[in-house]
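This report describes a structure at the level of chains, of one interface and of selected residues. The sequence and model are shown first.

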Amino acid sequence: MLLIYCPYCEVERPELEFRCGGEAHIARPTDPSTQSDEQWADFLYMRTNTKGIYAERWRHIHGCGRFFNALRETVGDKFLKVYKTGEPKPDLDAIAKEASR
Amino acid sequence: MVDQVTADLYVPDAGEEPLLAISSVSILRAAPVSRLSFRCRDDARAAAGKAFGVALPAKPLSAETTSDRIAFWLGPDEWMLIAPESDLEAVSAKLEAALESHPTSLVDVSHRQEAILVSGDRAVWLLNTGIPIDLDVSAFPVGSVTRTVFHKAPVMVWRTGEDSFVVEAWVSFMDYVAGLLVQSAGELSAA
Amino acid sequence: MSQPFRTHSGGRIDRNKQLTFQFDGEELTGVEGDTLASALLANGRHLVGRSFKYHRPRGILTAGSEEPNALVGIYRKGDQTPNLRATQVELYDGLKAISQNRFPSLDFDVGAVNDLLSPLFPAGFYYKTFMWPRAFWDRVYEPIIRAAAGLGKPPINPDHDTYGNLYAHCDVLVIGSGPAGLAAALAAAETGARVILCDEQSEFGGSLLSESDATIDGKSATEWVEDSIRSLSAKDNVTLLPRTTAFGYFAQNFVSLAERVTEHMADPDPALPRERLWQVRAKEVVIAAGAIERPMVFPENDRPGIMLADAGRTYLNRYGVKVGDNVLVATACDTAWQAAFDLADRGVDIAAIADMREKPSEALLSVAHARGIRVETGCVITGTQGRKRVSGALLGRVTSGGVTSAGEVTCDALLMSGGWTPTVSLYSQSRGKVVWDDTLGTFVPGAPVQNERSAGACAGVYGLSATLEAGYNAGEQAAKAATGKTAKLARAEANGADAGNGGILGALPHDRNASKVKAFVDYQNDVTAKDVKLAVREGMHSIEHIKRYTTTGMATDQGRLSNLNALQIASTSLGKPLTDVGLTTFRQPYTPTTFGVFANVSRGDFFDPVRRTPSHDWVVENDGVFEDVGQWKRTWYFPINGEDMHAAVARECETVRKSVGLFDASTLGKIEVVGPDAAEFLERMYTNPWKKLGVGRCRYGLLLNEAGFIIDDGVIGRLAEDRFHVTTTTGGAAHVFATMEDYLQTEWPDLNVWITSTTEQYAVCAVQGPKAREVIAPFVEGIDLSPDAFPHMSVATGTFCGVPCRLMRISFTGELGFEVNIPRRHGKMVWETLAKEIEKHDGTVYGTETMHVLRAEKGYIIVGQETDGTVTPHDVGMSWAIGKNKFDFVGKRGLQRPDLVAEGRKQLVGLLTKDPKVVLEEGAQVTKLANPPAGTSAEGHVTSSYHSSVLGRSIALAMVKGGRDLMGKTLHVPMPSGAIEVEVTDTIFVDKEGGRVNG
Ligand SMILES: [Zn+2]
């Protein structure tokens, strides 16, 4: 069971209190009607499923209830960074370099 | 660090037998209170606190209390406001009037939850039979409040003293929560 | 005292407390402090089991949790727990144990014929023999193999005991309480850090409990242990957990422990849990798991009476038991000599010390000489004799040319030591990579991967002084890393118990016919040196393949005893360095762990929360029948006067349509949507338009996912411009709430709207039927119930029975209907009031089954029954629920996907069987032909099917390809007893005009 830091509660809590919400930074198009079938299918179904550092949405469902984003290294299953919803996606290369040190 | 916070609103329900009463820990049902789920953006927080009669805390996992008001921080834009059962309408009206110009959400959830009072030397031990977070007073000081889980049920826990807690759960989960607490406490009176 | 092998003094036992126990029905005695193994040995019993494959007689090999042979069943509370290690079973008065894996008895086992037939059971035997024909595997081979093999028998009855759980947090978790672990715990505790010390044994002290003449701070080792434990237990910041095995090491220092709470008690208080799962989160972990001795792989090394040397020493010094009267010691390592000396000092004859090393240390030789012990150097065991107990051994001299016979020795026990293997299991579980240490000739922990330190023998540090030092250092460093605090603890000084040198890996050389002898590598799985060699010859080159082909290392000790020997044999056979062959990974659990520990409280009534509604007690009193809907108990039907379900449902349905019915709808999800943007939010979430819905009005809402498929539905009422009361399905409540939160927080954070679950704030009594208004009217205040003032699809607040209520005029039956939402604590009172009131109107209470029939008669869908996650609003004929002029809503773009607008999609239709008495089976396939050829795809499937008592016939709903174009056509529902003819109809069976809701 992982420990996850909630950026809103400002504490580490056991994974039991959280739910993973899939890949982060996939914004819903503001006008879906302009989307081609291919674009819409991409939005609905295509995820990078990275082997390595992956930006994910997590929700502190049994805590503050907030969604936030996290960078998780999917091979070692380690959280490298959490940040609030709306904040920009961090530089993954820089994070990877930092993690490898 | 405080060793006790004002928790006058949470009193044992006089009409109920204790769920558990042994020397090292007791579990009592709390009497009804008014509960209002309050949501707003930052700019309305101060006005809301003023109208409610106690400030809405901005510090995560904290509570502000007086003898007849409690404001629990549950999330960055979410508070649980506690008042005497009979104050429900007055409190709602006062808040609504004061916040007319702010977008807010005030919802009566008085009946959604029930509280039990868990206290005694072994209260932390007993709660940790099902609550996965560190309840040591260094990690969860007196006055802290949080939502978490107790085995498979969502709960809210407020620490009112080193050895005393208020545990709230949605009504239909309370049989499970209280039942398991009582079962797990069984060994405390074993020979 | 009737235990002939018990010493007269010494040990951690109380000779004054005699205990009686049974082994295979025979009454024996032991003393307090014994394990079952030590008590059996005190009685001279070495034969305790039969081996897995060859049913060879087996004895006690070890004194710890790695024991491969002495697996027993223990009887308690009328059932037995199998596969307990006798070396870990603490003796109590009245203990009843049985040996396992023998038929009909331990002394005479017909399965032992396997031993004679052993040429038929080589490595990979199962793979080779039973693969053909394929069908025989399931029906013939596997059942026979399973009956003949296996270890122990599973218990028959449900477990009587309870199991506990505890989440614990600490700064430093110390695993193991030998010298390193104790020192670590003392050092860490001194800083004030929160320390948990656990040990799998009943008593703390580990190897110190078996010491004879070592001293620490001038005290005997055991006195020092007692003093240390006393000082630790006096500290508030220390938790001491004996009988507690750390069995799993997971990410971020999450370590699971199994505490055996009552296993050692003769008559435990039933209030105590039998075992407890500790889920520990430690800032730092000190692994002080020690090392275990390796068996030597020589021919016939498995006879009862052959035992690890240190185990022999432990039985003597800790349990006061001599393992024999005339003991042969075979070794490649110094420590076994100490066992021989201790035994000799207790008056046991030492037949010889056979050390395979040419030149053991002079010091050892002189001590042996002083005691008059015969010593053979450069000498190995090449075979043993004795059937149920070792009676002698063949010695062989190791020369450059091989092995030559060096005569025979008689003995009644043989102690062996192939050296020591650090216990790296937990380190390995922590994802650490072990590294080969050439000096020690073994694997040791490499760099830590988590916040962990291995200290003492498990890290290859031997000798009492060095081990204590390593423990103190680890404890100090761990506490400092966890808390930043340090403290100076005076370090104890140790004398004696020097480091053990030497050791050997792999099969020993011998002068016997290699194809005829068995030298065991893995005792529990009956794997011999020959099997490992054969596996290599047959092409298995990786240790992972060899392990699976031979099953070596796959026993309950996960190869802690056998891995290094197997690896060395494979390495020699392959001609590759040992490190190139690889080491298999140690996984959780460290030792076998009961299902009870994992399940702990999640069983019986507490398997999952059972959620009850306010009517529950009334329903119980009135003999209602419940069904489980998710975690909820919902009333299914209310039989009266001995009705069966069919009769009860028929009566309930007819009564609702004729007069009135009362139904508990409290489980429906309820969400309060509040804020200036509430209507905008619902507009974006649901297919329907919301902005123009008037205050006081309700609308049916349909919720899709982005792909365009229906995921939920429910009625939504507008209480104010900025406040909606949303209802969801019972099963969908949590998911709908989470989905709304997701959109609110992550897609539209600019909207000024919030959602709050009010599912449990309100109890909901649905009153449905022509007389519904008359039933509720006497209790309503503040709401004008007249049809004009309060028409169908209205909502208003007022009071009901004097308590605040939200009254909705809605219908899921097609009848005039109201749903009374009452603050939950008043729900019981209101339910009981209404239940009494409907009696006056010849009404009925009804359950979910009747609710289902009534809505099916009206063609109302149930999400999850008519829909399955691939169904659109158009498919179920609900295009009307889609707002035509909406810019966007969740699923709008999805609905335009080519496959969702294509012809030939399944559509919701009604089905009427030609024979009105026949009720179709839900889920049955619908076809064009009565007897379609094999391979024909179905046209659709039945989603709902009931007997309608109101119509006096069966009705069904179905999803059928192009169904709406098939009205009046005949289709078929093939069943095993023959196809059923059905006619396709529209979906409304009762009150097609829909006038009754306005009644
Ligand atoms: Zn949080």
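**Chains C and B**

The model is predicted. Chain C contains 25 helices and 51 strands. Its radius of gyration is 38 Å, well over the 30 Å that the globule rule gives for 999 residues, so chain C is more spread out than a compact globule. Taken along the principal axes, the box filled by the C-alpha atoms of chain C is roughly 115 × 70 × 55 Å.

Chain B has four helices and 11 strands. For this chain the radius of gyration is 17 Å, close to the 16 Å given by the globule rule for 191 residues, so chain B is as compact as a globular protein of that length. The C-alpha trace of chain B spans about 60 × 35 × 30 Å along its principal axes.

The table lists further values for the two chains.

| Chain | Buried residues | Accessible surface | Carbon and sulfur share of surface |
|---|---|---|---|
| Chain C | 60% of 999 residues | about 38,000 Å² | 53% |
| Chain B | 59% of 191 residues | about 7,000 Å² | 49% |

In chain C, 66% of the contacts between residues at least 6 apart in sequence join residues at least 24 apart. In chain B, residues 24 or more positions apart account for 61% of the contacts with a separation of 6 or more. Chain C carries 104 positive and 120 negative side chains, and the centres of these two sets are 3 Å apart. Chain B carries 14 positive and 26 negative side chains, with 6 Å between the two centres.

**The interface of chains A and B**

Between chain A and chain B, about 1,100 Å² is buried, and carbon and sulfur atoms give 61% of that area. On the chain A side, A:Arg13, A:His62 and A:Arg66 lose the most area to chain B, together 41% of what that side buries. The contact involves 13 residues of chain A and 17 residues of chain B.

**Helix α12 of chain C**

Helix α12 of chain C comprises residues 529-537, and its buried residues are C:Ala529, C:Asp531, C:Val532, C:Leu534, C:Ala535 and C:Val536. An α-helix has 3.6 residues a turn, so residues three or four places apart point the same way. After α12(C) comes C:Gly539, which has a positive phi, near 105°.

**Two loop residues of chain C**

C:His46 sits in the loop between α1 (36-42) and β3 (47-50) of chain C. This residue counts as buried because its relative accessibility is 3%, and the cut-off is under 20%. Leaving aside neighbours within four places in sequence, C:His46 is in contact with residues including C:Arg58, C:Pro304, C:Met307, C:Val323 and C:Arg389. C:His46 and C:Pro4, 42 residues apart in sequence, have C-alpha atoms 13 Å apart.

C:Asp842 is in the loop between α22 (827-840) and β45 (844-845) of chain C. At a relative accessible area of 58%, C:Asp842 is exposed, because that term applies over 50%. The C-alpha atoms of C:Asp842 and C:Val656 are separated by 9.6 Å, and the two residues are 186 residues apart along the chain.

Notes. Residues numbered from 1 in each chain as written. Chains lettered and ligands numbered in written order. Predicted model: local features only at pLDDT ≥ 70, side-chain atom pairs only at ≥ 80, totals over all residues. Heavy atoms only, no water. Buried < 20%, exposed > 50% of the residue type's maximum accessible area, 1.4 Å probe, protein only. Rg over C-alpha atoms; globule rule 2.2 N^0.38 Å. Contact = heavy atoms within 4.5 Å. Areas by Shrake-Rupley, 256 points an atom, 1.4 Å probe, with all protein chains shown as cover. Lys, Arg positive; Asp, Glu negative; His and termini not counted. Charge placed at Lys NZ, Arg CZ, Asp CG, Glu CD. Buried area = accessible area lost by both parts, 1.4 Å probe.
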